[in-house]
Each structure stands twice: as structure tokens, then as C-alpha cells.
Amino acid sequence: MNNQPTGYIPDQIWQPKTQHGGKFASINSPVSGARFQQELPVGKHALQLYSQGTPNGQKVTIMLEELLAAGYSDAEYDAWLINIFNGEQFGSGFVDINPNAKIPALLDRSTTPGTRVFESGSILVYLAERFGAFLPTAKQARAETFNWLMWQMGSAPFVGGGLGHFYAYAPIKIEYAIDRYAMETKRQLHVLDTHLSANEFLIGDEYTIADMAVWPWYPGSLFGVYNTHEFLNIESYPHLLRWYKAIAKRPAVQRGRVVNQISGEAGKYLPERHSTEDFKLLSL
């Protein structure tokens, strides 16, 4: 049998392996809930973000920085680092906000009690509706924005992230898994490239939360987190690259993409963010 590993046959009832390797082996678990008691820090602003600068985390910090750039001063926020590589997402305080124990999570203290918002797409919609920005009000454009937002939420983390896992993180290279995810990722990149050949942004000429959701993933994660851009021949998608580079030039995007980052070139990332003054310490 051509199985990987040789001779592997799935158990009748799956049981977790004590040693399965991979970058996240020490923190993965088939059960939910807090693993230790830890209160979350709270800053001075109404909006408290608990996150890390992954593609999903970048969506929210880009949105917040865009809101501030557009003049919505009430969008000031504290961004606290939740280091997922150290398992900080399993602290009791974080799980109280997001029972799924995944970043990002937002607490809006402008309400009593505070409003918890989890899942990056939900946070984008919540902020767009709270401030009345970056979400069209016209029925068709609003529907189209949700089309692309849900497309991203349902596809990129699993498909693009799945490719990234087997390409960059898995303890062994499995050709079938890499080819399967590469095929579907390429198809999705072609969907975007085709659409953007006739549109400046995902929603015609209007920059919305749909762009903010897709940009960090496709092709953002393929350049940065997973380093699969050459493998997938990203240069063969000119319309997607045109869109990607145009958004990358936006000052709010340049700020938002470095918030809650913990690695990179010295002076170009910000593990925590509590004020616009924090960016003056960086050389963006």
C-alpha cells in the first residue's frame, strides 16, 4: 500500500497521538477550554484587542488603523499580544472572550457589560457597523462585500493555511497533501486575479472590509508566513499583484500589518500598541 507513513491505516476510532510532531504539536489538543488561570490586561481605550500579527490578526489592526486614518477617533485601541506559539490563547481570560481560543478577540468596553467579539470576520463587520465605515450601505454592494468576506473566511485559512502547514510546518513532506492544497490555492488565486482584472478593489472602486480580509491572506501569507510565493508562481497573477501592491502602500495598512508582530526586521514591528505615538518608534 502506498500510504504515508508506510503501512498506516486509520484507526476505527481516532485517538490523539502522544508524539505526532510538527510546529504546533505541543499546544494542539482535541478538547476546548482554558488550560490555566490568567487575567487579561486592560488599557485605557474602549476597544481592547487581544491578538497576534498573523494574517487573521492583521485584518483587525488594519481595519482599526484605517478607521483612525478616516477620522474616527473613537476607534483608538489597545492591542495586547497573545503569543499563540507559547499557548497564551488558552488562558482563562482570553477563553472568556473567545471560547474557541483563537486570535483575534476584541472586547468593546463602551457597552455595559462589555461586548465580546471573536472571529476576525465578525470583528470586521462589528467595527464597520459600529463606525459606519468600509461597509457599503447600498444593498447590492453590501451583499457583494459579504460574498467576498465569507469567501475569504471559508477558504483561505483552511486551503491556503493547509498548504502552508504541509509545505512549511509538517514534520515530513507529503506530496499528496501539498499537491492537493496547492491545486486549490492556485484555483482561488485565479478567482481573485480574474475578478480584479475588471475591478480596482474587490467591490468595484470601493475599498471595504472585504479587501482588508483577503489582503493579509492572498497573497500576503504566501509571501510572508509560509514563503510559498515562488512555489505557487505568484508573479503569474498580475491583477492580484497590482491590487496587493496598491493596498500595501496605504499608510494605515503599513501600520496595521506590524501591530502584535513578534519577529521581523529590527525597528519595523510592534508587539503591543496603545497609542498612535507608538509608531513613531518604528522606521516604517
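Visitor: In what order do the elements of the chain run from the N terminus on?
Guide: This is a predicted model, where local features need pLDDT of at least 70, side-chain atom pairs count only at pLDDT 80 or more, and totals for chains, interfaces and linings use all residues. Residues are numbered from 1 along each chain as its sequence is written, and side-chain values use heavy atoms, with hydrogens and water left out. Helices (H or I, at least four residues) and strands (E, at least two) are DSSP runs, numbered from the N terminus. The order is β-α-β-α-β-β-α-α-α-α-α-α-α.

Visitor: How many residues of α1 are buried?
Guide: Helix α1 covers residues 55-69. Buried means under 20% relative accessible area, exposed over 50%, partly exposed in between (1.4 Å probe, protein chains only). The helix is mostly covered, and its buried residues number 14 of 15.

Visitor: Which residue with positive phi follows α1?
Guide: Helix α1 ends at residue 69. A residue with phi near 100° follows the helix: G71.

Visitor: What radius of gyration does the chain have?
Guide: The radius is taken over C-alpha atoms, and the globule rule is 2.2 Å times the number of residues to the power 0.38. For 284 residues, a compact globule would have a value near 19 Å. The chain agrees with that, at 20 Å.

Visitor: What share of the residues in the chain is buried?
Guide: The chain has 284 residues. Buried residues make up 48%.

Key: Expected span 1.5 Å × (residues − 1).
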